[in-house]
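Hi,

Here is the structure you asked about, handed over with the sequence. Please have it open while you read the notes below.

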Amino acid sequence: MKLRTRICKKNSNASEKNSTENTTYPLSCVDWSSNEEVYYVSDDHQIFKWSEVNRDSVEVAKLPDDFVPTDLHWLLLGGRSSGGGKGSDSLLICSNDGRFVILNKSARVERSISAHTAAISSGRWSPDAAGLLTAGEDGVIKIWSRSGMLRSTIVQNEEAIRCARWAPNSTSILFCQGGHISIKPLAANSKLIRWRAHDGLVLSLSWSSQSNIIASGGEDFRYKIWDAQGANLFTSAAEYYAITSVAFNPEKDYLLVGTFNMLRLCHSNGWSYSSARFSEPRVGSFFNLSWSADGTQVACGSSMGELVLAYVIEQKLISKNLKAISKTRKSIVLKDIATGTQDILDFPQRVVNFALGYGHLVVATTHQVHIYNEKYINTPIIIDGRNDTRVIEVGKKYFMILDASSIWVYTFTGRLHLNPRYPGSQAQIPLLTWRSMSLGLDVLAIRDNSDPTSLHLFDLIPGASRQYDPHLVKAKQAITEIAACRAGTPEDQFVAFIDSNRELFVSGSRNLNGERTDEVYKIGTQLTSIMWASETNILVGVHDSCYSIWYCPGEGAADPTIIALTTITLDTAEFGKHISIDSFEDAVVTFRSAGALLPVNVNMYCEILHRALLEGQWQQALKICRVGQHASLWATLAAVATRKHQLQISEEAYSAALQIDKVSYLQHLKTLTPSSAEQMAENSLMLGRMLEAETILLHGKKIEQAVGLSLRMHNWRRALEISQKYKAEEPNLMPRVLKERSKYLKALQREEWDPLYLPFAIKEEADNISE
């Protein structure tokens, strides 16, 4: 991956004027007003607009002579892909005398406010567009409303503040003083987080909206990456000059670092893709880096007054036999490694995003989406009207697009399959990232940004009432990463997610009766990333210094014994630090460490076993296990066979895995009527799926057995609820529940304490006294 740069042509009149005065002003104020236009202003007090269309600058407005700009930031409310500041878009410009001005779309000054007693170093609109912050060299940070009314002063000390940025969720402010970095949460009574970051001054900061990590650059010639608690994740080698600017890409895992005469493109983990050096003409240090809203290009302002534009080329995607490489901004090369053929795909507009998988290449340009099938490369299907495509995810049956206005799920024939909506979804579209959604085989999972513990699951099965009725899964902690399984049958669809405590959970999207299930099971700890296999329900996850493979994470999630037998954990010490998962296709997991791709094979027998089980080939599955002779194979077969009510095969598999207690329980199941509600419920109970077992009994009108199940599990409250609900149909259930509860209390030698049972205990005591 490389960074291609060009120095932009300035306004000819302004250039002549500067040449006569022989003055070059540093360019420290640069920002995008759309994906095609850049606004910039320097010490000559003139606001210019550079356009991608004519590749020239025009003067928009002139600032007062006593107003020397220090920072510039656009608030884009009228649509990021539209041109030049629309609707209620506002431009914030700060000065070195403590003032800031707010300009409207016509470049007319709406408010001019004296905010600080010294120069304002940073002025930024909040990501939620609710207000703005100003930070000054007087050591003060203030928060203002959008109209310029002071709301609060959140930081006040004597040390100058060099740079300040909002948190992606607008709940905290990041700033630097001297060699220290601080995070100030806006919640009441919250403590300031402060740590020593660099040996010299900290010159620049950036907070990633994708990964919630922080980058800093300093006078010690290094750039560093931190988590939101101040723990160091990466420290670069020393450059030749101070790091004057850093900026995370808003849509992808890129970090751009600016120093004297050099731009460095890095992964968000810190390691470098490539560098762009400027020897002739010399541009000086890069004071400001601003990515466009779609993340495809970056505008840079330098100390010698040059406006430099850069964009990323040679992005590479590999899926099985296909390799896609972006050669220019408007062309992609698609190679078939197996046949050695190569096709150059040219587009009329700039390529914004592209994704490769399952024999299809999906390319999004500024206003269209092109769908290529590997068998019919010359006849793509084109979808018009999709602007500012931010995320593309390719599945086995469908592909998903997140753009500036909504989420769309299409078939590979170009037909719109689903436009998912949930309460508050439209307001959350700008805050969604690829980490907060996942496309599976028959399910789409989306995290609710207003409540990060909630996960919305949409059915993708044709004919389902799926668009306005998503299923809600609740986690105990905020969800940070989601992965929906990409293979299986409609009954075997699972969603895995990592929460803020880095714990891994699995939930089924529906049970065998086709109904939704709310059961969530914990199967791992200290995970940083996860990915499902492309063709089987095998899950891989990365820890700090090792990785784990779950060969049966779905069917075995409720049984800790099965999870223990089917989970393999291996060390990654030889891989290096900061491992990420690049792909998981067939039986090969590809990890990425410091840019290097590291392929690792999973157990081939287990992968073949999953494919046999997917096709219902039970005897073939038994043969595979007998050949492989591994406990994880037998445990996987046992869990899947038990879920599919294949009791004979399940008994043999559990016996081979030395699970004697389960073998005895299966022999008890065989005494029950085959395929009856009782047998199916006991089967689900064996897998630890209590709710599923109860649902099967209640749907089969086995009310007495459902109450008996709750009593066996000592789920006293549920037993009472069921007996009360079906009191008219089964009048004898309530006395039975109260009698069993009385026996239980007598054995414990305790008085009744449960609020649900207290009225019955008091009534019984009163009846005894009256008698």
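This is a predicted model: local features need pLDDT of at least 70, side-chain atom pairs count only at pLDDT 80 or more; totals for chains, interfaces and linings use all residues.

Look at V540 in particular. Leaving aside residues up to four places away in sequence, V540 touches S529, I530, M531, Y547, S548, I549, W550, I581, F584, V589 and F591.

**A helix pair**

Next, helices α4 (residues 604-614) and α5 (residues 618-628). They pack at an angle of about 170°, and their axes are 8 Å apart. Angles over 145 degrees count as roughly antiparallel, so α4 is roughly antiparallel to α5. On the α4 side, the contact is made by Y605, I608, L609, A612 and L613. On the α5 side, W618, Q620, A621, I624, C625, V627 and G628 make it. By class, that contact has ten nonpolar residues, two polar and no charged ones.

**A four-stranded sheet**

Finally, there is an open sheet with antiparallel pairing and the strand order β2-β3-β4-β5. β2 (29-32) and β5 (56-62) are at the edges with a single partner strand each, so one side of each has no neighbour in the sheet. On average, neighbouring strands here are turned by 25° against each other, direction ignored. β3 (residues 37-41) and β4 (residues 46-51) pair in the antiparallel sense over five bridges. E37 stands opposite S51 in β4.

Best wishes

Methods: Residues are numbered from 1 along each chain as its sequence is written. Side-chain values use heavy atoms; hydrogens and water are left out. Axes are lines fitted to C-alpha atoms, for helices over the stretch in contact, and angles run from 0 to 180 degrees between N-to-C directions. Helices (H or I, at least four residues) and strands (E, at least two) are DSSP runs, numbered from the N terminus. Angles under 35 degrees count as roughly parallel, over 145 as roughly antiparallel, 65 to 115 as roughly perpendicular and the rest as oblique. Contact means heavy atoms within 4.5 Å. Ala, Val, Leu, Ile, Met, Phe, Trp, Tyr, Cys and Pro count as nonpolar, Asp, Glu, Lys and Arg as charged, and the others, Gly among them, as polar. Two strands pair if DSSP finds at least two bridges between them.
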